[in-house]
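Thanks for coming, everyone. I'll take a few minutes to walk you through one chain. Please have the viewer open.

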Amino acid sequence: MEMNELFYKDVYLKEFDAVVTSCHEGKNGFEVVLDDTAFYPEGGGQPWDTGTLNDAKVTSVRKKDGVIIHYTDKPLAEGTKVHGVIDWIRRFDHMQNHSGEHIFSGLVHKKFGYDNVGFHLHDIVTVDFNGMMTWQDALDIEREANEIIWKDEETKISFPSKEELSSMDYRSKIELDGTVRIVEFPEGDTCACCGTHVSRAGEVGIVKVLSLARHKGGVRIELVCGRRAMEMMDKIYDLNEDIAVRFSVKPFETKEAVEKQAEEKAELMARLADANRCYFALKAGVLTEGKRAVLLYEEELNAGEIRKFCEYLTETGKDDIYFVLSKKDQDSLNYAIGSAREDLRPLIREWNKALHGRGGGRSEMVQGSFSCRLSEAEDLVRSLNEEM
């Protein structure tokens with residue numbers, strides 16, 4: 001620990017006074033060095049603090065060759081006395097989420113023996129573990145982590161000697177030399193860490209797991225803590241409340257209401273598919289046979305429906321090529337083109353070029369869109385028939 005790192009002496013220090021020891025312009029703004037600082041630099045997966053030095057905004061803070069550099073939007077003259085103000089909401093958010101992640105990761109290590117091999121503290125905290133877990137495993141760890149948080153034990157931070165360290169059981173991603181800072185959450189975690197943490201576990205508030213996915217032979221877990229967890233749950237509650245109002249049900253009945261609507265939609269889609277098949281048969285029954293190409297324009301059908309229509313015509317019709325078109329927008333048409341006799345793949349390249357189209361497919365069926373008027377597509381089909 002360096003003597004000018006005030007965030008280690010008092011992690012709750014929000015304002016401080018210091019003297020500018022150097023300042024010069026760099027690629028990312030003015031690079032300011034102080035004799036003392038409470039601004040935490042990026043490190044250990046934790047983002048930097050932001051705030052102000054006098055009227056200059058501190059946009060990022062990094063440590064380079066043991067020196068903490070503050071990147072500001074204005075220059076500060078060497079020797080100037082400055083008053084620093086930390087963006088406390090951002091700092092405390094990082095403290096809550098970093099501490100919550102420690103407790104969660106410590107419990108995973110204790111229960112499964114897995115290491116935390118990746119940690120990113122952004123809007124959502126992501127943690128990568130080098131072993132497999134189930135969603136229920138993650139929820140069980142979440143419950144244990146919150147029980148530790150609510151016990152509100154004091155966080156212990158120490159700098160053990162090399163001899164003391166050799167006999168300690170602690171987590172660390174890398175081999176460490178020199179002075180090692182150990183952060184301990186009783187019953188939860190003991191880990192080498194350079195980040196800022198809450199002084200009591202209760203200040204984390206709550207840990208909430210959001211997702212679990214396989215990742216590089218292990219799992220990646222997304223979680224949020226404290227203020228972020230509260231804001232996330234507020235958003236989820238508001239969304240659920242909106243769904244409840246739309247379905248005229250109570251908030252805890254939305255799952256059943258959505259499932260019922262999904263079933264009704266599936267039934268409706270099945271009935272629509274049956275009606276479409278009847279419609280396709282009626283339309284096919286009045287087509288004139290003996291042409292090389294036939295064009296049908298169905299403005300109200302979507303891309304999936306015109307494909308189904310085209311497949312029906314290709315299977316049941318006697319003409320060579322069927323063009324089924326529908327309106328995509330003001331300037332373009334969806335197309336589905338099918339044939340049981342001709343390979344459409346070389347032809348669609350010509351037609352896409354002629355009608356400013358995009359798309360492709362198999363030899364017997366191609367699909368996409370043309371950026372043209374309907375009359376231009378009709379002219380193309382007419383020319384195909386004249387070639388017979």
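Start with helix α5 and what lies over its buried residues. The cover includes α2 (88-112), β7 (116-121), β8 (125-129), β12 (207-215), β13 (218-225) and α6. Keep in mind that this is a predicted model. Which residues of α5 are buried? They are Gly226, Arg228, Ala229 and Ala244. These four cover an arc of only 150° around the axis, which puts them on the same side of α5.

Now turn to the other side of α5. There, Lys235, Asp238, Leu239, Val245 and Arg246 are exposed. In general, an α-helix has 3.6 residues a turn, so residues three or four places apart point the same way.

What about the length? With 22 residues at 1.5 Å a residue, α5 should span 32 Å. Its end C-alpha atoms are 32 Å apart, so the two agree. Just past the end of α5 comes Ser248, with a positive phi of about 55°.

One more residue in α5 is Ile236. Is Ile236 buried, exposed or partly exposed? Its relative accessibility is 48%, so Ile236 counts as partly exposed. Ile236 and Lys308 are 72 residues apart in sequence. In space, C-alpha to C-alpha, Ile236 and Lys308 are 38 Å apart.

On to α6. This helix has 32 residues, which should span 46 Å at 1.5 Å a residue. The end C-alpha atoms of α6 are 46 Å apart, which agrees. Its buried residues are Thr254, Ala257, Asn276 and Phe280. What covers them? The cover includes α5 (226-247) and α7.

That brings us to the aromatics. How many aromatic pairs does the structure hold? It holds 13. Take one of them, Tyr279 with Phe309. The centres are 6.4 Å apart, the planes make an angle of 55°, and the pair is tilted. Tyr279 lies in helix α6 (residues 254-285) and Phe309 in helix α7 (residues 303-316), so this pair ties together parts that are 30 residues apart in sequence.

Tyr279 is partly exposed, at a relative accessible area of 31%. Phe309 has 0% relative accessibility and counts as buried. Both rings belong to one aromatic cluster, made up of Tyr279, Phe280, Phe309 and Tyr312. Recall that Phe280 is also among the buried residues of α6.

There is another ring to look at, Trp88. Lys14 lies over its face, at 4.5 Å from the ring centre.

Leaving aside residues up to four places away in sequence, Gly79 touches Val19 and Val20. Then compare Gly79 with Cys23: they are 56 residues apart in sequence. Their C-alpha atoms are 9.7 Å apart in space.

Now jump to α9, residues 374-386. It has 13 residues. From first C-alpha to last, α9 reaches 19 Å, close to the 18 Å expected at 1.5 Å a residue. Ala377, Leu380, Val381 and Leu384 are buried in α9. Why do we place them on one side? They cover an arc of only 95° around the axis, which puts them on the same side of α9. What do these buried residues pack against? Their partners are β14 (293-297), β15 (321-329) and α8 (344-354).

Last, step back to the whole chain. The secondary structure comes to nine helices and 18 strands. The radius of gyration is 33 Å, well over the 21 Å that the globule rule gives for 388 residues, so the chain is more spread out than a compact globule. Along its principal axes, the C-alpha trace spans about 95 × 50 × 45 Å.

How much of the chain is buried? Of the 388 residues, 41% count as buried. And the contacts? Take those between residues at least 6 apart in sequence: 60% of them join residues at least 24 apart.

How values were computed
Residues are numbered from 1 along each chain as its sequence is written. This is a predicted model: local features need pLDDT of at least 70, side-chain atom pairs count only at pLDDT 80 or more; totals for chains, interfaces and linings use all residues. Side-chain values use heavy atoms; hydrogens and water are left out. Helices (H or I, at least four residues) and strands (E, at least two) are DSSP runs, numbered from the N terminus. The expected span of a helix is 1.5 Å times one less than its number of residues. Buried means under 20% relative accessible area, exposed over 50%, partly exposed in between (1.4 Å probe, protein chains only). The arc is that of the directions from the helix axis to the C-beta atoms. Contact means heavy atoms within 4.5 Å. Rings of Phe, Tyr and Trp (its six-membered ring) pair if their centres lie within 6.5 Å; planes under 30 degrees apart count as stacked, over 60 as edge-to-face and the rest as tilted. A charge sits over a ring if NZ of Lys or CZ of Arg is within 6 Å of the ring centre and within 35 degrees of the ring normal. The radius of gyration is taken over C-alpha atoms; the globule rule is 2.2 Å times the number of residues to the power 0.38.
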